[in-house]
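Here are a few quick notes to read alongside the model. Keep the structure open as you go through them.

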Amino acid sequence: MSNSVEVHNVSKRYKLYKKNSERLLDLLIPHKEYGEAFYALQDVSFNVEKGSIVGLVGINGSGKSTLANVIAGVIPATGGHVVSNGNISLIAVNAGLDNKLTGRENVELKLLMLGFSKTEINAMEEEIIEFAELEKFIDQPVKTYSSGMKSRLGFSISVRVNPDILIIDEALSVGDKAFAEKSLSKMMEFKEQGKTMFFVSHSISQMRKFCEKILWLEFGVVKEYGPASEVLAHYEEFLEEFKNMSKKEKKKYRQNALDRQSKIGAKS
Ligand SMILES: Nc1ncnc2c1ncn2[C@@H]1O[C@H](COP(=O)(O)OP(=O)(O)OP(=O)(O)O)[C@@H](O)[C@H]1O
């Protein structure tokens, strides 16, 4: 099925080093283990049908961005695999923008890298700049942009490129309300065209309005995956409980997850 996404037992293992020398030794001496394993994702599996919009939720550090990056192919999984058939575009604040280059140079570079010709780029460029509302600033280096301006630029490039699968990671939460509205209506257009979308946001009301399904991640594992209204209701209950925990209870809760996420000896 085209535009569908299947995530099969995906894990992402990082190494945490106490010192830089450990990192070097780990590289140089392959038969010995240095540093501590940390699983940002553990055995994550779910399927997304073509044309559906899936929200990724979870408290800070749950692995939402890591999963978005693995699905987009920006970072490799260390275990499992993702099957997808369409072109995927990831929009995240700052994703893929070179801070030293101007906004215009970033637009041109990104489009060149995606294989567009100079004539096509010329035709697309002005539209991108206009949608991003960056006319006045487009020839300034991106390092001078606010996070909202960067996300507007990233969003505008990605939607103009017209991907089959779109992943939006927090990009709407840093822009202003008017741009968020405009972006949401663009996303509705994409939905009508049967595109598959992933949406990472801390805004439950945006999720409720927009997503059909929700994947709730909790410190690297899938806590629940299902219809948006059901999962969001459970997630909100959890947030309320979590908020009411004492400092000590929260610490214990996090520690239990950390013990699971750093289990040594797992292969993937
Ligand atoms: N390069 C890395 N090396 C080591 N650990 C990392 C790396 N990138 C992410 N992590 C860890 O992986 C975990 C998941 O991070 P991630 O950014 O995916 O979470 P998130 O749910 O998107 O968080 P937030 O809501 O705060 O944006 C965190 O504990 C983070 O510290």
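1. Start with helix α3 (residues 103–113) and helix α4 (residues 118–132): they pack at about 135°, with axes 10 Å apart. That angle makes α3 oblique to α4, oblique being what is left once under 35 degrees (roughly parallel), over 145 (roughly antiparallel) and 65 to 115 (roughly perpendicular) are taken out. Helices here are DSSP runs of H or I with at least four residues, and strands are E runs of at least two.

2. This is a predicted model, where local features need pLDDT of at least 70 and side-chain atom pairs count only at pLDDT 80 or more, while totals for chains, interfaces and linings use all residues. Numbering runs from 1 along each chain as its sequence is written.

3. Which residues make the α3–α4 contact? From α3 come V107, E108, L111 and L112, and they meet I121, M124, E125 and I128 of α4; contact means C-beta atoms, placed from the backbone, within 7 Å. The contact residues split into six nonpolar, no polar and two charged (Ala, Val, Leu, Ile, Met, Phe, Trp, Tyr, Cys and Pro are nonpolar; Asp, Glu, Lys and Arg charged; the others, Gly among them, polar).

4. Now look at L101, in the loop between β5 (88–92) and α3. With 15 other C-beta atoms within 10 Å, L101 is partly exposed; 20 or more would be buried, 12 or fewer exposed. L101 touches N106, L109, P141 and V142, leaving aside residues up to four places away in sequence.

5. Around the ligand, the shell has three nonpolar residues, seven polar and one charged. α2 gives the most, with three residues.

Notes
Axes are lines fitted to C-alpha atoms, for helices over the stretch in contact, and angles run from 0 to 180 degrees between N-to-C directions. Two residues are in contact if their C-beta atoms, placed from the backbone, lie within 7 Å.
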